[in-house]
Amino acid sequence: SRPPSHNIVPTSLILCATYHSEGHSGQYYTLPPTHIQKLFPYGLPPRFQLQIKTFNEGCVMVRPPALELISYLKRADYSKPPLRYVLYGDIGTGKTMSLCHALHYCYSQGWLIVHVPDAHLWVKNCKELLPSSSRPSRFDQPIQASQWLKNFKITNERFLSKLKTTQRYVWTKRESTEKGQPLGELIDQGVNRMKSSSDVVGAVLRELRLQAGGATEGEGAFKLAVAVDGVNALWGKTSLKKEDRTMCEPEELTLIHNLRKMMKNNWSGGAILTALSQTGSVFKPRSAYLPSELLGEEGFDNMEPFVPVSVSNYNEKEFESCYLYYLDRNWLQHPHSRSEEGKKELIFLSNKNPSILERLCAFL
Amino acid sequence: MAASVTRPALSSLCKINSNINGIYSLTSFSRRISISSVLSTSAVTTETEAAGRGVRGQRRSKRQAGEPRTERMTVDQDWTAVYPTAASFKPSAVPLPVRMGYPVKRGVPPAKKGNLELIKIPNFLHLTPVAIKKHCEALKQFCTEWPSALDSDEKCVKHFPIQVQSKEFVSAGLSLRNPDVRIVTLKVKLSSLNLDDHARKKMIKLSEERYCKDTDTLTITTDSCPLRQQNYDYAMYLLTVLYHESWKTEAWEQEKTRADMEEYEWEDSPSQKKVLDTLLRMRALGAKDEVEEGTREELLGQPAVQEYRDTMLRLKNEGETEENLQQYKEAVKKLFNI
């Protein structure tokens, strides 16, 4: 229904992220609203969520980094240990968006999604930090853990009844989850009982790791996509303090500890997609964007061997596409912005950086 | 005119009234004169004229300045005669139209005549190339010939690898001595010393900040002894000791850890272990526990692994850049057959 001059992919290709190829680079495709609700309750960048609300649709530009990632995912062998992909790039170039695009591909292929929208939220500004019930040296974060479990439930509804636990978990003297119970029960346990929610997260992750590559056919088969945004938070510093006023190390947090175990490639049948992020990071300089700068030595040693995927600013074609999209949605109200000169000004001011361009256009 | 007359009048009054603490009388006198100059001149002229005539009679008049020397300078003159030694800037002797200073409002920087800024700053008008040539000619009779065999820098460094620098000071004052004269700096390139790998690393570690990595020079500066001769001996002694110590291997050097290493080494690194683990896991998912020596060597010998090793070394030793990362990416892709 839209004229082709706006470079928006016709609606028949909405769902088929599998068919995105190099030729579609620079074009927009729409995320179906049901998918957005299920897959990304909190996954998308906040400004993009506002844009979805304003435009009444979520349109994502198809860009080379995401296409590269999807091509690797298509070609990878899932009987082998998972490959780790790290999206890196300067601030505002579209790492989170590319990650979400790739994740949407996985979702449309029917994978099980483990998505941590921003690992930085787990290492700073936590209101409650309880000493762990299971291990004395660790600390729990009940609010973050139960929030994550709720989101996990929304995203992966259909798997919850199919997967069963492989061992007995004891939470307190009176509560335990038996072997062979559906995963959904485990998650309900975590959501209802906030105190043990961090340990539930650990149990869920463990179950998924064990069962991901297990059955190759039939009911139990699934591929696991682990997506972590801001993965450098796992090996950086926290801004949380323990009760005796000393700084908390990341290993001492249950959630971080379990997530680190997930990042190792000692399981099979899935892929680990990560993106680095400086914006939310704690104690990292603003100019740092390369993997070893943000991950640190420990993080780099833990993450390697990984495939680094570079994300950069828009090129000419992509900028053109974004500009036409905003024009098409009547987002650029200022009359000067529609002229050639206005476009040149936008190029100059934003340096074709996606987030800066988006912020600039919001004023016009 | 009144102003020009008052000055000699005041100066003569200074001499006359030298006994009196005449500041107050002088100021009152000057005030009177200034007031009188404001008043009609006719009534006062007789008075000032009388005063002027009287002063002129007592003291010789000031000579008028003749034309400046610059007018009579030819283009091919001998500049060393104008400025043979270091001297302050004389506007009448320098024929250049130099301007210096903060510009007057909506104007230009002030001219050179009577310009204090130009006089204050040091000038090198006495060190023109011609003057330097003359100095060199004069000094030649005290010098010996440069050895003809040492005609290039490389030969100088090859035959004389150690450079010793010290400063001389000449000053005319109450004392001719300058304490800074005792400082001796010794520079030597480590490539010209006979060191093996272990000795070189140990020497660099021992010399800490005295070693410059970019130029591969070790610089030893000594100033602890009072005489230059003693400092020179001490510097040579330090060099000898460093050399001999770095050749020795102590017992505790066996405890060198990965953190002490200067460069990243791939062997026995966590990176190598991980790659091995991953490859083994990829090979046979069931047999995770067997790590035979044969398979280990075989796995490590694969070209993909070697390439991965090279890119890792480059990343860690040279720092991370976009190209390094791209190469690393290619290596990882080859390793996992994407």
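Visitor: Is P308(A) buried or exposed?
Guide: P308(A) counts as buried, because its relative accessibility is 1%. Buried means under 20% relative accessible area, exposed over 50% and partly exposed in between, using a 1.4 Å probe and protein chains only. This is a predicted model, where local features need pLDDT of at least 70 and side-chain atom pairs count only at pLDDT 80 or more, while totals for chains, interfaces and linings use all residues. Residues are numbered from 1 along each chain as its sequence is written, chains are lettered from A and ligands numbered from 1 in the order written, and side-chain values use heavy atoms, leaving out hydrogens and water.

Visitor: Where does P308(A) sit, and what does it touch?
Guide: P308(A) is in strand β11 of chain A, residues 306-311. Strands (E, at least two residues) and helices (H or I, at least four) are DSSP runs numbered from the N terminus. Not counting residues up to four places away in sequence, P308(A) touches V86(A) and Y88(A), plus L325(B), Y328(B) and K329(B) from chain B. Contact here means heavy atoms within 4.5 Å.

Visitor: And which loop holds Q141(A)?
Guide: The one between β6 (139-140) and α5 of chain A. Q141(A) is buried too, with a relative accessible area of 0%. Leaving aside neighbours within four places in sequence, its contacts include W122(A), C126(A), E128(A) and S198(A).

Visitor: Switching to cores: which residues touch the most other members of the largest nonpolar one?
Guide: Y85(A), L208(A) and L224(A), out of 117 residues. Helix α4 (residues 95-108) of chain A gives the most to this core, with eight residues. A nonpolar core is a set of buried Ala, Val, Leu, Ile, Met, Phe, Trp, Tyr and Cys residues joined through side-chain atoms within 4.5 Å.

Visitor: What does L224(A) touch?
Guide: Not counting residues up to four places away in sequence, W111(A), L112(A), M262(A) and W267(A) are among them. There's also a second, separate core of 16 residues, including Y28(A) and Y323(A).

Visitor: How were pockets and cavities found?
Guide: On a 1 Å grid over the protein atoms alone, a cavity is a set of points where a 1.4 Å probe fits but cannot get out, and a pocket is an open set with protein on both sides within 12 Å along at least five of seven lines; lining residues have an atom within 4 Å of a point.

Visitor: How many cavities of 30 Å³ or more are there?
Guide: Six. The largest cavity has a volume of about 100 Å³. H115(A), W148(A), N151(A), F152(A) and T155(A) are the closest to its centre, of 13 lining residues. The largest share of that lining, four residues, comes from α5(A).

Technical notes
Points joined across faces, edges and corners; volume = space filled by probe spheres on them.
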